[in-house]
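Here is a short report for a first look at a protein model. Keep the sequence and the 3D view open while reading.

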Amino acid sequence: MKSIFRFLIATCCLAYNKIGNFRVKKAYAHYILRRKYRTTPNDVVSLPMVRSVRVAVIGAGVAGLNAARELHREGHTVVVFEKRHDLGGTWLYDSRVESDSLSLDPARAVVETSLYHSLRTNIPRQIMGFLDYPFAKRRHGDQRTFPGHEEVLRFLNEFADEFRLRELIRFSTEVVRVERGEGRKRNEEWVVESRRRRRRGGWSESESESESEWGVVVREVYDAVVVCNGHFTEPQLADVPGIEKWRGFQIHSHNYRVPEPFTGQIVVLIGLGPSAFDISKEVATVAKEVHIAARALNITVGKWGHHDNIWLHKMIEFVHEDGKIVFQDGSSVHADTILYCTGYKYHFPFIELDGIVTIDDNRVGPLYKHVFPPSLSPSLSFIGMPKQDTPFLTTQLQSKWLANVLSGKVFLPTEGDMMSDIKNYYHHMEERGLPKRFTHYLPPNEMEYRNWLLAQVGMPPLKEWRGKMFRECLKSAMTKLDGYRDQWDDDYWDAIIASQEGNLLVNGQDVGVAEDVS
């Protein structure tokens, strides 16, 4: 049976290499394998590498770095476009905030990060690293299991230097437009327009628009485009009845850096996610009062835990012109500031897709497995779309799958089969009563998704400790357990990891390759 399959693979490869059109190649290979070997759309079909492509990667954050490394490993020609002066994406801290505190003005100078100064990771470092490059503790670094953002940026810089990724990145270069090629190559080529920031006397390393200007737009053609621009830049605001007449100050957490501007104020904070959890406690150290308004059904109205000046409320019922804010639980308060910790929207202003890929209530689609738009695959892909996840690992696995697909080692299902899979996923969401905005939330199926990606590239599933640790961390964060980061039982988790991995990742110290990624 194995010899028959090898013969069919060889036959398919020979015919495959005689066909010029990549999309026709893919369809032909599926036809041969299904007809002669009776493969199904769910089978993993792998072939030897048949081509190298020129790929544009947009963004040099976690997703972009992963994509660059995996694509380069597969022999593709990679160019990474990074608007900022350095790598790191959202982990590259910027003390500046936008001139529009709600980030609504389209003419504003956009600040490309939402980090606040005191931010620490909300998942432990053991599940923040990559399979073959763990996030280990360093002798002179931040030793905490949940380190600060500075330590994460250091890790990403070391990762980039280890694999010489800087050589692939064009810093201070903004992608202003991406569109499909013309004529017969409309679905095979992409035109990427970019411009570089410059100042008198040379290219600029500054992010300040007052100190630099953009150069001329350059047009280039690529075989594939990988979108890795993140989803923590374009704020999502809550609908607040009466807000148009409210005279107080409003700000989204995207523009929050330090608590001092709220000294002595009465602050109403909307939201109860991870950023709201951290920011509310920090603001409460200087504010007179902090009132959290949340739409969660299971909150207990009243003072929050041991915090003397933090109250929990149901969502805002109405705000009045005189500053009074009425909550759905019947209570009210006169506030100075409304602080929105209400998340972010997916935003791809540079892509021209004629409605083929749309954003509807924060659902980007259709995307097969959160990565490929079926009618434009595999030449267009999105890496890093999932939320409530371990993004470092997930983007690595997505990138490895993408790189293998582009090289021809792994085939995608047909366009029709991919669309059918997406429709089934949407239908399953509807049956569970989930709104569209939850499309890219992975829990409770995050381990299933990662293991599926691993299977596509012929790798074994992850060890169980990874899923168990993530779920325990998510539980602590969702229940708003005060101090859970510093109360984390490292000894307990070290024992669990050691029982499954040997001594590879114990306390983030004795680090080796956790899984085979060759």
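## Nonpolar cores

The largest nonpolar core has 89 residues, and L71, L156 and L339 touch the most other members. A nonpolar core here is a set of buried Ala, Val, Leu, Ile, Met, Phe, Trp, Tyr and Cys residues joined through side-chain atoms within 4.5 Å. Buried means under 20% relative accessible area, exposed over 50%, and partly exposed in between, with a 1.4 Å probe and protein chains only. Helix 6 (residues 391-407) gives the most to this core: 8 residues. Helices (H or I, at least four residues) and strands (E, at least two) are DSSP runs, numbered from the N terminus.

L156 touches V62, L65, L87, G88, W91, F130 and F392, leaving aside residues up to four places away in sequence. Contact means heavy atoms within 4.5 Å. A second, separate core holds 23 residues, including V79, W190, I351 and F382. In soluble globular proteins, nonpolar side chains tend to be buried together.

## Basis of the model

This is a predicted model: local features need pLDDT of at least 70, side-chain atom pairs count only at pLDDT 80 or more, and totals for chains, interfaces and linings use all residues. Residues are numbered from 1 along each chain as its sequence is written, and side-chain values use heavy atoms, with hydrogens and water left out.

An open sheet is formed by 6 strands, in the order 11-19-12-13-15-14, with mixed pairing. Two strands pair if DSSP finds at least two bridges between them. Strand 11 (249-252) and strand 14 (302-303) are the edge strands, each pairing on one side only. Strand 12 (residues 266-270) and strand 19 (residues 337-340) run parallel, joined by 4 bridges. V267 has T337 as its bridge partner in strand 19.

Helix 5 (residues 274-283) packs on the sheet. Helix 5 touches strand 12, strand 13 (289-293), strand 15 (310-313) and strand 19, and its direction makes about 175° with that of strand 12. Such axes are lines fitted to C-alpha atoms, for helices over the stretch in contact; angles run from 0 to 180 degrees between N-to-C directions.

## Backbone exceptions

Most residues other than glycine have a negative phi, and most peptide bonds are trans. N362 is not a glycine, yet has a positive phi of about 65°. N362 sits in the loop between strand 21 (358-360) and strand 22. Its relative accessibility is 10%, so N362 counts as buried. H370 also has a positive phi of about 65°. At 8% relative accessibility, H370 counts as buried.

The peptide bond from S377 to P378 is cis, with omega near -5°. P443 and P444 are also joined by a cis peptide bond, with omega about 5°.
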